[in-house]
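Okay, thanks for having me, everyone. Let me put the model up on the screen, and then I'll walk you through a few spots in it.

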Amino acid sequence: MTDHNNLQNFLDQMSSYSEENAGGDSVRATATQIPSIGRVVEIAGSGSRVTMHADRLAHLMSHPDPSIAMSGQVGSQIKMKVGSSWLVANVRTLCAGDDGTVVANVDFLGEGGQNAHGNLLGFRRGVTRYPIPGCEILPVSTDDMRAIFAADDSPHIEIGTVYPTDDIRGTLYVDPMLSKHFAILGSTGTGKSTSVALILHRISQLSPEGHIVMIDPHGEYSAAFKSCGELFNADNLQLPYWLLNFTEHCEVLLTTDGAERDRDADILAKCLLAARMKGKNSEGMGKVTVDSPIPYLLSDLNAILVNEMGKLDRAGDTLPFMRIKNKLDELKADPRYSFMFSGMLVSDSMGSFIAKLFRLPSNGKPISIVDVSGLPSDVTSVVVSVLARMVFDYAIWSRTEAQRPILLVCEEAHRYVPKDESAKGQAVRKILERIAKEGRKYGVSLGLITQRPSDLAEGVLSQCGTIIAMRLNNDRDQACVRAAMPEGARGFLDAIPALRNRECIVCGEGVAIPIRVRFDDLEPEKRPASSDPSFAELWRQTGDEAGIIQRTIKRWRGHGR
């Protein structure tokens, strides 16, 4: 009988709404008067099971407060009174129960106090007191949502609007997000590149003297950061070959496998060390190893190889030396490798290279975009390896100086840290895995962007404290993200296949609680060159095809020049 009276009161309240009194004040006034929508039936450590009245949920759908209208749906929030506090939970799954009820599994998010109107106040993550079975549950209002998502005084950026509200801003806390690394995941065409540009632009506006290095494999971010970044490509990168360590030298110069590769590597190590020690910069350096970034002449390495060959008794033993020498001559003669193996790069330019690449000082342009799309594919992973290793090594060797934290953003991360451990390019894999595990201690942050999280090494993704997941269409990718996300975000994960473009689920260290966010629109001049072409529109256009072909072939043959 009591339930019948509660339901009648609820229906009377709902019928009293009209278009005239649908303003914010009336919504706020009636939010606290809405009766319970169900009860707790089972408690577990991280979540519990509740039953809700299906007819009450159906009537709430027409409520003028969008948060209350969503109550009981997957991904929505509910609250329950425990002592003098409100406990907030997220609805993870729904199923039909007996007698017109809906059974839901919910995950606890956190708790807060209450103000004079009974609304939520001072929300904080984590639960100190659990409800008991029979505890009533209520919908969460927009005012409650505002208290839950209110940003504190910590440095933060606003990236969009919290779903389903129209005015509550979704914020990312910069320090927790960067210090614990982050990953941005999403299928092709979901607005991933534009969202990455938005986040980096907001970070740049917050910290104009920052230090961000971005690996751009498709050449699409140059257009987005013309005003606040320095752009590097095959024409102006000027990466000296002597900055490569021994492992990276092996990936570039050795062409064999198995036992032959081991023998070639021993020869290369001996000759490379001799070449480094012969350089005039090695004097006064202390202990010189094959990994020391000391300038040496390619002609010296060549001469040492020839000299070592001359000491051999049998002609057949010269084959490993000839393989290395021929590869070296090939790289020097190929203009595609001039950005690295040019004779102009013998002077000690390490200081100026680090200053330019790491933006030291930034001068209001905190981002370096390294466009590797124009580089030969067989050395791309080596270039990324050198850049990532220099970020990490600089952080290690500058610990006694004033700290300058660096953010390394790696687009198409599954190329460089693949799940397959037998794939080529192990140097870049090892350094990125090391940054993921140890970078936080030295002030190096890692941002991974990928459309195929299932192809990414599990250990790297699990090290990312903040995960920003956009729509993922593949079941394996969804399962991979589900495994990497914390327990309390499981209810949000079910919405990943249904997310619209430029919508995401954010969970982890960078947010107070898991949230679903609609990204802000980015100004056209700040967007990357990644928009999809309109076939219907472009296929109506014609003219100057001969000129287009001629100019394209010229750039093609000249490698962009």
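This is a predicted model: local features need pLDDT of at least 70, side-chain atom pairs count only at pLDDT 80 or more; totals for chains, interfaces and linings use all residues.

Rolling a probe the size of a water molecule over the atoms shows where empty space is left. How many cavities of 30 Å³ or more are there? The count comes to 1, and about 70 Å³ of space lies in that largest cavity. Who lines the largest cavity? The residues are I148, F149, A150, R169, G170, T171, Y173, V511, A512, I513 and I515. Sorted by class, that lining has 8 nonpolar, 2 polar and 1 charged residues. Helix 5 (142-149) and strand 9 (169-173) each put in at least two residues, and strand 9 has the largest share of the lining, with 4.

Next, the cores. The largest nonpolar core has 89 residues, and L239, V383, Y416, L432 and L448 are the ones with the most contacts inside it. Helix 13, residues 377-397, gives the most to this core, with 12 residues. Take V383 as an example: leaving aside residues up to four places away in sequence, V383 touches L237, L239, F339, M340, V372 and L375. Apart from that core lies another one, of 47 residues, including L138, V162, L200 and A224.

Now helix 7, residues 192-206. Is helix 7 largely enclosed or open? Well, 13 of its 15 residues are buried, so helix 7 is largely enclosed by the rest of the structure. Its length works out too: at 1.5 Å a residue, helix 7 should span 21 Å, and its end C-alpha atoms are 21 Å apart, which agrees.

Look at the loop between helix 12 (350-357) and strand 13 (367-371), where P361 lies. A cis peptide bond joins L360 and P361, with omega about 0°. N363 is in the loop between helix 12 and strand 13 as well, and N363 has a positive phi of about 55° although it is not a glycine. H181 is another non-glycine with a positive phi, about 70°, and H181 lies in the loop between helix 6 (174-179) and strand 10 (182-185). Which of these two is buried, and which exposed? H181 has a relative accessible area of 3%, under the 20% cut-off, so H181 is buried. N363 comes in at 63%, over the 50% cut-off, so N363 counts as exposed.

Definitions and conventions:
Residues are numbered from 1 along each chain as its sequence is written. Side-chain values use heavy atoms; hydrogens and water are left out. A nonpolar core is a set of buried Ala, Val, Leu, Ile, Met, Phe, Trp, Tyr and Cys residues joined through side-chain atoms within 4.5 Å. Buried means under 20% relative accessible area, exposed over 50%, partly exposed in between (1.4 Å probe, protein chains only). Contact means heavy atoms within 4.5 Å. The expected span of a helix is 1.5 Å times one less than its number of residues. On a 1 Å grid over the protein atoms alone, a cavity is a set of points where a 1.4 Å probe fits but cannot get out, and a pocket is an open set with protein on both sides within 12 Å along at least five of seven lines; lining residues have an atom within 4 Å of a point. Grid points are joined across faces, edges and corners, and a volume is the space filled by probe spheres set on the points. Ala, Val, Leu, Ile, Met, Phe, Trp, Tyr, Cys and Pro count as nonpolar, Asp, Glu, Lys and Arg as charged, and the others, Gly among them, as polar.
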